[in-house]
Each structure stands twice: as C-alpha cells, then as structure tokens.
Amino acid sequence: MNSLNHLSVLTVAISLTLTTSAFTSNLNAEEPDPQIAKLLQGSWVVEKIGDRTLTKQPRPTLIVNPKNEIYGDTSINRYGGQLNPQGTPLLFGPIRSTLRAGTEEFMELENQWKSVLQKASQVKRDKDQLLLLDDDQILATLKGVNMTGEWKLTKIGDSLIVNTDHELSLVIAEDGKVNGNTGVNLLMGQ
C-alpha cells in the first residue's frame with residue numbers, strides 16, 4: 001500500500017474515532033435537577049434565536065434523552081453535551097461537535113446556537129414550546145417534535161425514493177432506541 005493510501009486509511013480511522021467518542025462519553029455521573037431534566041427531555045427544533053425567526057432550512061435541533069445527554073444538529077454539524085448537575089448553566093462542560101464547514105450564513109447560525117447552549121441558565125416549557133433563557137432574556141424559542149413511531153423514507157433532497165423491492169424505514173421507540181431497514185442492511189442504535 002502506498003503512503004497516500006495509508007494516509008487515507010489513517011484519516012478515516014481518526015475521523016471515526018473522534019466522531020464516535022464525542023457522542024458516547026459521559027461527562028458527569030451526577031444527575032441534574034430532575035425538574036429541569038424533565039422539562040428539557042424530548043426532541044426540539046429551533047424556531048427563533050433571540051428575536052430572529054429562523055426561516056431557512058435546516059434549522060438547529062436539540063434532543064435531550066432520558067440519560068440527560070444533549071445532542072442535535074447545528075444546521076451544519078452534529079453536537080453533543082451533558083446536562084449540568086448544578087443547573088446553571090444548563091449544559092455541563094464544552095459542546096462536542098463534528099467539524100464540517102458550511103456557508104457563511106449557516107456558520108453564523110451555528111455559532112449563535114452554540115452560544116445559546118452555553119449561556120442558557122433557565123428553561124420554561126409550555127406544552128410543545130420550549131424557551132431557553134439567561135435571567136429574563138429569551139435566548140431561543142424551540143418547538144417540540146414527536147419523533148417516535150415508524151418512518152418511511154420517501155424523498156432525499158428533491159429526489160423521490162422509488163424502491164419496490166425494499167421499503168426504507170426507521171422506527172424510533174419511546175426510550176430512544178432506533179432500528180430500521182436501509183434497503184440492504186438492518187440498522188440499530190440509540
């Protein structure tokens with residue numbers, strides 16, 4: 001194998017290691033305030049950052065699972081973190097993230113969203129709306145998304161999926177476990 005192939009294999013191995021370790025580590029064994037954790041649990045999509053309504057897709061997401069892990073998408077990168085046992089700020093430690101680049105507009109949005117996550121010290125929830133606040137200042141408004149159930153892949157981008165042999169599916173359980181069919185292989189995960 002030539003040195004270029006070795007470099008490619010090493011780069012892929014390092015990327016996979018960094019990505020998987022970033023989303024599986026438990027930063028703190030202490031449990032956060034159960035009331036805050038319960039308010040945050042679920043899947044959310046960001047509607048507003050401050051007074052700015054987000055109209056372009058994709059918008060940042062926030063998912064808080066029963067293990068009090070926080071993860072989601074910044075519109076460009078995947079991120080992860082942990083709820084703070086002391087509750088202020090809501091996140092414990094740094095936000096772990098993949099390192100993809102995007103347009104200037106989406107990079108700015110990503111930075112604003114990460115800033116919200118690092119500053120938020122309070123949360124208010126009304127049914128399917130979540131407010132992240134710092135003191136009395138609303139940093140972000142999010143809308144709840146119910147992702148549990150069975151999902152069928154019908155479209156990627158503007159391309160319709162037409163596959164009569166195998167139906168591409170994803171099942172998301174209440175406990176956050178995921179399984180599905182890629183058309184070729186089965187998938188399972190959390």
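This note walks through a predicted model, point by point.

1. **Overall make-up.** The protein has three helices and 15 strands. Of its 190 residues, 32% are buried. Take the contacts between residues at least 6 apart in sequence: 43% of them join residues at least 24 apart.

2. **Helix H3.** Helix H3 covers residues 104-119, which makes 16 residues. From first C-alpha to last, H3 reaches 23 Å, close to the 22 Å expected at 1.5 Å a residue. Which residues of H3 are buried? They are Phe106, Leu109, Glu110, Trp113, Val116 and Leu117. Looking down the axis of H3, these buried residues fall within an arc of 125°, so they line one face of the helix. An α-helix has 3.6 residues a turn, so residues three or four places apart point the same way.

3. **A four-stranded sheet.** Find the open sheet with the order S10-S13-S14-S15; its pairing is antiparallel. Strand S10 (149-152) and strand S15 (186-189) stand at the edges. Each has a single partner strand, so one side of each is left without a neighbour in the sheet. On average, neighbouring strands of this sheet are turned by 15° against each other, direction ignored.

4. **The S10 and S13 pair.** S10 and strand S13 (residues 169-172) run antiparallel, joined by four bridges. Look for Trp151: opposite it, in S13, stands Leu170. As background, strands of a sheet pair through backbone hydrogen bonds, either parallel or antiparallel.

5. **Asn77, a loop residue.** Asn77 lies in the loop between strand S4 (69-73) and strand S5 (78-83). Is Asn77 buried or exposed? Asn77 is buried, because its relative accessible area is 2% and the cut-off for buried is under 20%. The side chain of Asn77 reaches the backbone nitrogen of Leu99 at 3.3 Å. Setting aside neighbours within four places in sequence, Asn77 also has contacts that include Gly72, Ser97 and Arg100. Glu110 is another contact of Asn77, and Glu110 is one of the buried residues in H3.

6. **Backbone points to check.** Most residues other than glycine have a negative phi, and most peptide bonds are trans. A cis peptide bond joins Gln57 and Pro58, with omega about -5°. Pro58 sits in the loop between strand S2 (52-53) and strand S3 (61-64). Asn68 has a positive phi of about 65°, in the loop between S3 and S4. Asp135 has a positive phi near 55°, in the loop between strand S8 (129-134) and strand S9 (137-145).

7. Asn68 is buried, at 4% relative accessible area. Asp135 is exposed, at 53%.

Note on methods:
Residues are numbered from 1 along each chain as its sequence is written. This is a predicted model: local features need pLDDT of at least 70, side-chain atom pairs count only at pLDDT 80 or more; totals for chains, interfaces and linings use all residues. Side-chain values use heavy atoms; hydrogens and water are left out. Helices (H or I, at least four residues) and strands (E, at least two) are DSSP runs, numbered from the N terminus. The expected span of a helix is 1.5 Å times one less than its number of residues. Buried means under 20% relative accessible area, exposed over 50%, partly exposed in between (1.4 Å probe, protein chains only). The arc is that of the directions from the helix axis to the C-beta atoms. Two strands pair if DSSP finds at least two bridges between them. Axes are lines fitted to C-alpha atoms, for helices over the stretch in contact, and angles run from 0 to 180 degrees between N-to-C directions. A polar contact is a pair of N or O atoms within 3.5 Å; within protein, one must be able to donate a hydrogen and the other to accept it, and residues adjacent in sequence count only if both atoms are side-chain atoms. Contact means heavy atoms within 4.5 Å.
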